[in-house]
Amino acid sequence: RLNTGAFLACASSVNYNIVTQKLSHAFFGGTGGLFVMETIGQGDLLVNAFGSLITLEVTPDHPITVDNEQVVAWDASLDYRIEIASGMFGFMTGEGLVNRFSGSGEVIIQTRNLRSLAESLSKYIPKGN
């Protein structure tokens, strides 16, 4: 499964379709609404990411929590929940969302965050009159 904006292109041997995700994921996570892209098959898949890609292994004994904006792709076999990073305190302070993955499979993350870069650079960009 691919996070919003991650799909770039795929080989003709790879099929993709849109699958419905749980309402709580869609409503809460900013991951493309009620639907998420899922790819099936073998072949090249090109994804859009910022920075390097790192593959993280999830096992029943080792669930992981990742900032939602760092997630690029994950195995469809994984269970996941999208939550506010620090509960209600995070909601009030504007802290981001996290994905909590459990089960067995892999999650691919990007090492950089485009929103953070844009926010850092915005103070150096002249504003119009």
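Modeller: Strand 6 (residues 64–67) and strand 9 (residues 97–102) run antiparallel and are joined by 4 bridges, where a strand is a DSSP run of E with at least two residues, numbered from the N terminus, and two strands count as paired if DSSP finds at least two bridges between them. This is a predicted model, in which local features need pLDDT of at least 70 and side-chain atom pairs count only at pLDDT 80 or more, while totals for chains, interfaces and linings use all residues. Residues are numbered from 1 along each chain as its sequence is written, and side-chain values use heavy atoms, with hydrogens and water left out.

An open sheet is formed by 3 strands, which follow the order 5-10-7 with antiparallel pairing. Its edges are strand 5 (53–58) and strand 7 (71–74), each of which pairs on one side only. Neighbouring strands of this sheet are turned by 25° against each other on average, direction ignored; the axes behind such angles are lines fitted to C-alpha atoms, and angles run from 0 to 180 degrees between N-to-C directions. Between strand 5 and strand 10 (residues 105–110) there are 6 bridges in the antiparallel sense, and I54 stands opposite I109 in strand 10.

Strands 5, 7 and 10 also belong to the elements that give two or more residues to the lining of the second largest pocket, together with strand 3 (35–41) and strand 4 (45–47). A pocket here is an open set of points on a 1 Å grid over the protein atoms alone, where a 1.4 Å probe fits and protein lies on both sides within 12 Å along at least five of seven lines, and its lining residues have an atom within 4 Å of a point. The second largest pocket has a volume of about 260 Å³, a volume being the space filled by probe spheres set on the points, which are joined across faces, edges and corners. Of its 14 lining residues, R1, T39, A73, W74 and D75 lie nearest the centre.

R1 also meets the side chain of E38 in a salt bridge (2.8 Å, N to O), that is, a side-chain nitrogen of Lys or Arg within 4 Å of a carboxyl oxygen of Asp or Glu. Because E38 lies in strand 3 and R1 in the segment before strand 1 (7–10), this pair ties together parts that are 37 residues apart in sequence. A search of the whole structure finds 3 salt bridges.
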